[in-house]
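Please walk me through this model, with attention to its pockets, its cavities and a few individual residues.

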Amino acid sequence: MFSKKSILIFLFSLLLVNMVSSQIAMINIQSRKQISLNGKWNVIIDPADVGERYQVWKEKKPQKKTDFFEYAFDDGPVLNVPGDFNAQKKELSFFEGTVWYRKKFSYTIGDDKRLFIYFGAVNYKADVYLNGEKLGSHEGGFTPFQFEITDKARSGDNSIVVKVNNVRQKNGLPGFGYDWLNYGGITRDVELVETNETYIKDYSIQLNKGSINDVAGWIQLNGLQLQQKLEIQIPELNIQYKTQSNDKGFAPVNFSGKFKLWSPENPKLYRVIVKSETDAVSEEIGFRCVEVKDGKVFLNRNPVFLKGVSIHEENPNKGARAYSKEDDILLLNAAKALGCNLVRLVHYPHNEYMVREAEKMGLMVWSELPVYQHIDFTDSTVAGKMERMLDEMVGRDKNRCGIIIWSLSNETYPSAPNRTKALTDLTKKCRALDAARLITHVTNSQIYQGNHFKVWDTLYRYSDLVSLNEYIGWYLPWQGKPSDTKWSIAYPDKPVFIAEFGGEALYDSKGPADEAVYWTEAYQAKIYKDQLEMFKTIPNLSGVCPWLLFDYKSTNRLHPVYQKGYNRKGLLSEKGNKKKAWLVMKAYYDKKR
């Protein structure tokens with residue numbers, strides 16, 4: 001008989017197995033030995049979520065004629081990875097539930113090597129199994145994670161199974177309500193990554209806050225041989241900085257250089273090599289300084305007006321989640337054609353290709369956490385989830401000089417219990433992780449009455465920018481002439497950024513005699529013209545960002561004629577057609593310096 005104590009220990013061990021979390025992903029996997037697991041994956045579509053009961057991950061097969069199992073990966077459907085499952089099969093267009101993925105691979109680990117499996121993103125929850133054993137879980141659909149499988153992978157054939165579930169969670173990030181299609185699946189690259197036994201896991205190499213010459217950062221090793229000589233090389237500048245890691249594998253980095261600073265006009269990147277005694281990685285890194293003072297944003301100590309546009313991670317040509325370099329270049333080229341110098345990547349961290357390509361093209365980047373509207377800040381797990389996603393977002397992209405703003409929330413409600421404290425704490429954590437970039441929260445809690453805006457939120461106290469969304473002319477009517485608008489803004493010494501504005505129009509929709517009526521291009525264009533007049537009245541206006549670049553899919557948009565499942569606020573249709581408002585915004589940006 002088992003004792004009560006032994007039963008409790010066994011049950012607790014099972015609980016721990018189910019609670020094993022993924023690891024924060026190593027930085028710069030592009031510079032490491034990789035084998036792609038992208039391609040065709042066998043899948044089991046599990047709308048009733050019964051796969052747990054069947055223990056699908058064990059991949060049992062009949063051994064005798066009397067054996068049978070009510071599931072199988074073989075001879076079933078396949079899906080492309082990376083890619084959302086909604087766009088790949090018509091019957092999954094609006095599916096929110098469980099899909100099991102299976103991929104077989106063969107690998108032999110070399111001597112003194114380590115092996116990891118890396119996921120660029122899985123939406124929303126992922127439970128990962130290797131050869132029938134659970135590696136762990138990850139929550140959050142837009143950031144990378146990894147598992148070490150050095151001692152778990154077999155020499156030869158292996159099988160990886162991933163349970164993917166995109167059901168909305170009350171305590172999720174985002175929560176129940178959001179205005180974009182809930183694309184589920186393994187939506188970004190999957191890689192096997194081989195490293196040496198002790199490898200360079202992470203590093204930060206960026207200019208110190210306020211400086212245009214001094215680099216402040218660090219290097220972190222992982223493995224058994226943690227005390228090593230380290231070196232950073234920038235060949236073009238003849239920089240060879242040497243240091244040594246401590247017994248924790250950590251080394252602070254401080255050196256100076258005469259950098260050609262990255263800017264939209266000159267997106268200069270340098271080849272940077274990071275070396276230890278047991279490892280070496282390299283990548284292209286730029287250097288720039290961003291700060292706020294006197295109610296303005298400064299880039300490299302020069303004032304800059306942020307000419308932005310919001311972009312969802314959706315390829316308009318495919319009607320699918322964007323994941324590839326080609327997808328991202330299509331979106332970024334459209335932003336460049338509009339005259340933008342900044343892209344607001346909404347409402348979640350986009351794939352790494354997007355950030356890297358924007359940087360190469362000279363586009364500043366606003367990267368955002370999916371802390372969106374209906375978040376349950378009273379749930380005891382939410383704060384930890386926000387911090388984990390922040391760690392993953394900043395961890396992946398901290399060396400991308402193109403990112404100038406971390407946005408930590410969008411349209412959360414000031415009256416929501418515990419909201420302000422939770423987001424204030426998150427802001428302080430972000431500042432500790434990265435003091436050199438700007439931080440903001442986007443609000444829409446302002447009061448508009450008598451053609452007078454009253455803008456106030458406690459979060460602005462901790463933000464570098466006063467960022468707000470307003471849809472005057474669409475959700476609210478004008479209460480006077482746009483040119484006569486008055487503003488009372490808390491924290492008047494801070495720059496103001498209009499993070500969203502606009503209205504909906506179906507491309508080529510016209511009213512009687514081309515009259516400006518709802519849903520028409522003429523009406524949308526009028527909203528934009530009125531908004532541009534109002535912008536002249538805003539004190540400390542440092543940037544604007546129309547909502548948004550392309551029409552995109554949303555289950556919230558129900559009008560059978562004008563919307564048909566799309567949010568029609570795009571300056572471009574989902575086919576890429578330019579609406580009249582695009583021309584209005586293009587002319588504004590061309591004149592704005």
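How do the residues of the lining of the second largest pocket divide into nonpolar, polar and charged? They divide into five nonpolar, seven polar and 13 charged. In this classification Ala, Val, Leu, Ile, Met, Phe, Trp, Tyr, Cys and Pro count as nonpolar, Asp, Glu, Lys and Arg as charged, and the others, Gly among them, as polar.

Some ground rules come before the details. This is a predicted model, in which local features need pLDDT of at least 70 and side-chain atom pairs count only at pLDDT 80 or more, while totals for chains, interfaces and linings use all residues. Residues are numbered from 1 along each chain as its sequence is written, and side-chain values use heavy atoms, with hydrogens and water left out. The confidence score, pLDDT, is given by the predictor for each residue and runs from 0 to 100. Its mean for the protein is 94, and 96% of the residues reach 70 or more. Over residues 1–19, however, pLDDT stays under 50, and the model has four contacts for this stretch beyond four places in sequence; contact means heavy atoms within 4.5 Å. Where pLDDT is low, the predicted coordinates should not be read in detail.

The second largest pocket has about 420 Å³ of space. Pockets and cavities are found on a 1 Å grid over the protein atoms alone: a cavity is a set of points where a 1.4 Å probe fits but cannot get out, a pocket is an open set with protein on both sides within 12 Å along at least five of seven lines, and lining residues have an atom within 4 Å of a point. Grid points are joined across faces, edges and corners, and a volume is the space filled by probe spheres set on the points. The lining of this pocket has 25 residues, and Gln30, Asp189, Glu352, Tyr353 and Arg356 lie nearest its centre. Helices (H or I, at least four residues) and strands (E, at least two) are DSSP runs, numbered from the N terminus. The largest share of the lining, six residues, comes from α4.

Helix α4 covers residues 352–361, and eight of its 10 residues are buried, so the helix is largely enclosed by the rest of the structure. Buried means under 20% relative accessible area, exposed over 50%, and partly exposed in between, with a 1.4 Å probe and protein chains only. The buried residues of α4 are Glu352, Met354, Val355, Arg356, Glu357, Ala358, Glu359 and Met361. At the start of the helix, a side-chain oxygen of Asn351 comes within 3.1 Å of the backbone nitrogen of Tyr353. After α4 comes Gly362, with a positive phi near 80°.

Ala280 is partly exposed, at 42% relative accessibility. Leaving out residues up to four places away in sequence, Ala280 touches Ile200, Val274 and Lys275. Asp279 sits in the loop between β17 (270–275) and β18, and is buried at a relative accessible area of 15%. A polar atom of the Asp279 side chain lies 2.8 Å from the backbone nitrogen of Ile200. Beyond neighbours within four places in sequence, Asp279 is in contact with Arg32, Asn196, Thr198, Tyr199, Ile200 and Val274.

The largest pocket holds about 590 Å³ of space. Of the 35 residues that line this pocket, Ser204, Trp218, Val394, Lys398 and Leu433 lie nearest its centre. The elements giving two or more residues to its lining are β12 (199–207), β13 (214–222), α5 (382–397) and α6 (419–433). By class, the lining has 16 nonpolar, seven polar and 12 charged residues.

Turning to the cavities, the whole structure has four of 30 Å³ or more. The largest cavity has about 80 Å³ of space, and among its lining residues are Asn123, Phe142, Arg168 and Trp180. Its lining has six nonpolar, five polar and one charged residues. The second largest cavity has about 60 Å³ of space, with a lining of seven nonpolar, two polar and two charged residues.

Key
Polar contact = N/O pair within 3.5 Å; in protein donor to acceptor, adjacent residues only side chain to side chain.
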